[in-house]
Amino acid sequence: MAKKFIDIMDTTFRDGFQSIYGARVLMNDFFPALEAAKEAGITHFEFGGGARFQSLYFYLNEDAFLMMDKFREIVGKEANLQTLSRGVNTVALETASREIIDLHAKLFAKHGTTTIRNFDALNDVNNLKFSAECINKYGLKHEVAITLMDLPPGCKGTHDVPFYERILREILKEQIPFSSVCFKDASGTSNPNKIYETIKMAKKILPQGTHIRFHTHESAGVSVACYLAALEAGVDGIDLAAAPVSGGTSQPDILTMLHAVKGKDYDLGGLNEEKVLQYEEILKDCLREYFLPPEASMTNPLILFSPMPGGALTANTQMMRDNNVLNKLPEVIKSMQEVVEKGGFGTSVTPVSQFYFQQAFNNVIFGPWKKIAPGYGKMVLGYFGKTPVKPDDEIVKLASEQLNLEPTTKLAIDLADEDETKSIAYIKEILKEHNIEQSEENIFIVAACKEKGIAFLKGEAKVNIRKIQDELPKSLSLKQNKFEVLVNGNKYDVEINPKDDKDLIVKEKKEANLNTQNNFNSEKVISSEISGNVFKICVKEGEEVKAGQKIMILEAMKMEMDINSPKDGIIEKIFVSLGDSVSEGQIIVSFR
C-alpha cells in the first residue's frame with residue numbers, strides 16, 4: 001500500500017529567518033542555499049510576507065518585491081511560492097484600507113506569489129472577507145487560516161475545539177473563498193490531543209478533498225508530537241524548516257521529521273535525507289557569519305504560561321539588544337500572562353503578539369498598566385475587531401483614558417476606509433512631496449512602512465543586521481587609534497600614531513553635547529524614559545511650547561512613544577537628530 005503523500009512547505013526563507021534572526025537576512029547571502037533547496041527536490045516555499053516584508057525596508061535596505069522576483073527566477077515557474085498575510089493588516093501592524101488590501105493582492109500576484117496564507121489574530125471572520133476576495137480576484141490560491149494557542153494554566157472560555165469549530169463554520173457560512181485551510185499555532189503552545197481533535201473536527205465539516213494544513217513552532221518543545229497527532233488525524237500538509245533556522249523558536253527540522261515518521265505510512269514531500277542534508281550544509285555555510293541569538297535555539301516551557309510566538313520572540317529580543325534592554329526579557333515574558341488574560345485572549349500571533357509584548361514591556365519599564373501601548377489599547381477598545389472574549393473592563397477604561405479613544409464596534413476595515421491617511425490618494429501626495437515615483441509598488445511600500453518606506457525610497461535606509469564579529473568583545477589594539485576626548489567642555493577627535501604613542505594628532509574640534517543630568521537643572525530638561533531611536537522631531541529650537549505638547553516621537557520595540565512637554569516654555573536646545581539612538585535617562589531637550 002502506497003504511503004500517504006504529505007505536502008511539505010519549507011519555511012526556512014520566511015518564518016525560519018523571522019524566528020531565528022528576527023527576519024534580518026540579506027537576499028544575496030541566502031540565494032545559494034535556495035539553489036540547494038531546489039536541488040533537494042523542495043517545490044513549496046514560504047518566501048515572503050509577514051515580517052519578511054517590512055524588515056527588508058527597516059533593517060536590510062532591500063526591496064521585498066525585488067527579492068520575490070529573484071526568488072521566483074531561481075526556483076522556476078512551477079514552484080508553489082507562498083506568503084503570509086494578516087487579513088486586514090496585510091503585512092503591516094495597522095489595519096489597511098480596502099484599496100490598500102486590494103493593492104497587496106495585486107502586487108503579490110505580480111511578483112511571483114502562488115498562494116497567500118491569510119489569517120486574523122482575533123479569529124474575527126469579518127477581518128478575512130475582503131482580503132480573501134482580493135486574493136481570489138487576482139488568481140492567487142487563498143489558504144484561509146484559523147489561529148491557535150493554548151491558554152495559560154487556569155484560564156478557559158476559548159481556544160478549544162468548539163471555539164475553532166465555530167470559527168470554521170462562520171468561514172463556511174460567509175462563503176469566504178479558499179483553496180486550503182490551515183490551523184496555525186504561532187506560539188507552539190497547543191497540546192497534541194487538541195490538535196488531533198481539531199483536525200478530526202475539520203475533516204468532518206469541510207467539503208471532501210479540502211487540503212488541510214497544520215503549522216506550529218518548537219518554542220515550547222511539543223511541535224513534533226503535535227505534527228504526529230495532526231498526521232494521525234489526517235492532515236494533508238505541514239510546515240518544516242532547515243538548519244540552522246529550524247527547531248527552537250522555528251519549525252521542526254526537515255530531517256527531524258523525516259526521522260520521526262520512519263515506519264509510518266507517510267511520505268513527507270518525497271524528500272531524501274541525503275539531499276536535504278546537503279542543502280542544510282550549504283545553508284549553514286551561507287549563514288555562518290550571522291549571529292545566532294541563544295534564545296532562538298532553545299525551547300522554553302515558560303512559553304506555555306506566556307504564549308510568545310517564535311516569529312516574534314527573536315524579533316523582539318533583537319530589538320531589545322538594539323535598545324540595550326535585553327536584561328528585561330525574563331520580566332517581560334513573565335508579565336505577558338496577565339496581559340493576555342486581560343486583553344481578551346486574541347491569539348498570540350502578529351500583530352496581537354506584538355501588542356501583548358509591547359504592553360508587557362511597558363508594564364515592566366513604566367510600572368503595571370501605567371502606560372497603555374497604542375496597539376494593545378486599540379485592540380481592547382475594538383479597533384482591530386472583536387476579541388474572542390470581552391477584555392477586562394478596567395483595562396478598557398484605562399486604554400480609553402490614556403489613548404483618548406472611545407470603544408468601538410465598527411468593522412476594522414470600515415474604520416480604515418474612514419482614515420484619509422490610509423488612502424492611495426494621500427500616499428501619492430506624500431510621494432509627490434518627496435519627488436518619488438508614484439508607482440503601485442512605492443505606494444504599497446509607504447502604506448506598509450510609513451517613514452521608513454520613504455527613507456528607503458530616498459536612498460536613506462541603513463543596514464542593521466547582526467554578524468558574529470559584531471557581537472564579540474572588543475579589546476583595544478594598535479589598530480584602534482582614534483578616540484573622542486572631552487576637554488573643558490569641548491570635544492576633540494584625537495588620533496594616536498600607532499608607531500609612537502608620543503605622537504598625538506588633534507584632527508577636529510567639536511561642540512560638546514553635555515546632555516547629562518549633572519549639567520542641567522532637572523526642571524529645565526526632558527529626559528528619555530526608554531532606550532530607542534528618534535523617529536520624529538516635532539519642534540524647533542527657540543519655539544514656544546505648551547504643557548502636554550508633543551515634542552518628539554521615539555521608536556522602541558515597534559512602538560512610537562510620544563515625548564510631551566511637561567510645562568509651558570521655550571525650547572533652548574535639541575540634543576538629538578532624526579534617526580539617533582538614545583539611552584534611558586539621556587537628556588534630549590532643554591528649556592530656557
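Ala-260 touches Val-224 and Leu-228, leaving aside residues up to four places away in sequence. This is a predicted model. Ala-260 sits in helix 10, which covers residues 254-260. Is Ala-260 buried, exposed or partly exposed? Its relative accessible area is 22%. Buried means under 20% and exposed means over 50%. Ala-260 is therefore partly exposed. Ala-225 is 35 residues away from Ala-260 along the chain. The C-alpha atoms of Ala-225 and Ala-260 are separated by 9.3 Å.

| Helix | Residues | End-to-end C-alpha distance | Expected span |
|---|---|---|---|
| Helix 4 | 64-75 | 17 Å | 16 Å |

Helix 4 has twelve residues, and its reach of 17 Å is close to the expected 16 Å.

Now look at the ends of helix 4. Asp-63 caps the N-terminal end. A side-chain oxygen of Asp-63 lies 3.2 Å from the backbone nitrogen of Phe-65. At the other end, Gly-76 follows helix 4. The phi of Gly-76 is positive, near 95°. Which residue takes a positive phi just after helix 5? Gly-112 does, at about 95°.

In helix 5 they include Ile-100, Leu-103, His-104 and Leu-107. An α-helix has 3.6 residues a turn, so residues three or four places apart point the same way.

**Cysteines**

How many disulfides does the structure hold? The number is zero. Cys-134 has a relative accessible area of 2%, so Cys-134 is buried. Cys-538 has a relative accessibility of 31%, so Cys-538 counts as partly exposed.

Which helices each supply at least two residues of the lining? They are helix 7 (161-173), helix 15 (374-380) and helix 16 (393-403). Helix 7 gives the largest share of this lining, with four residues.

How values were computed
Residues are numbered from 1 along each chain as its sequence is written. This is a predicted model: local features need pLDDT of at least 70, side-chain atom pairs count only at pLDDT 80 or more; totals for chains, interfaces and linings use all residues. Side-chain values use heavy atoms; hydrogens and water are left out. Buried means under 20% relative accessible area, exposed over 50%, partly exposed in between (1.4 Å probe, protein chains only). Contact means heavy atoms within 4.5 Å. A disulfide is a pair of cysteine sulfur atoms within 2.5 Å. The expected span of a helix is 1.5 Å times one less than its number of residues. A polar contact is a pair of N or O atoms within 3.5 Å; within protein, one must be able to donate a hydrogen and the other to accept it, and residues adjacent in sequence count only if both atoms are side-chain atoms.
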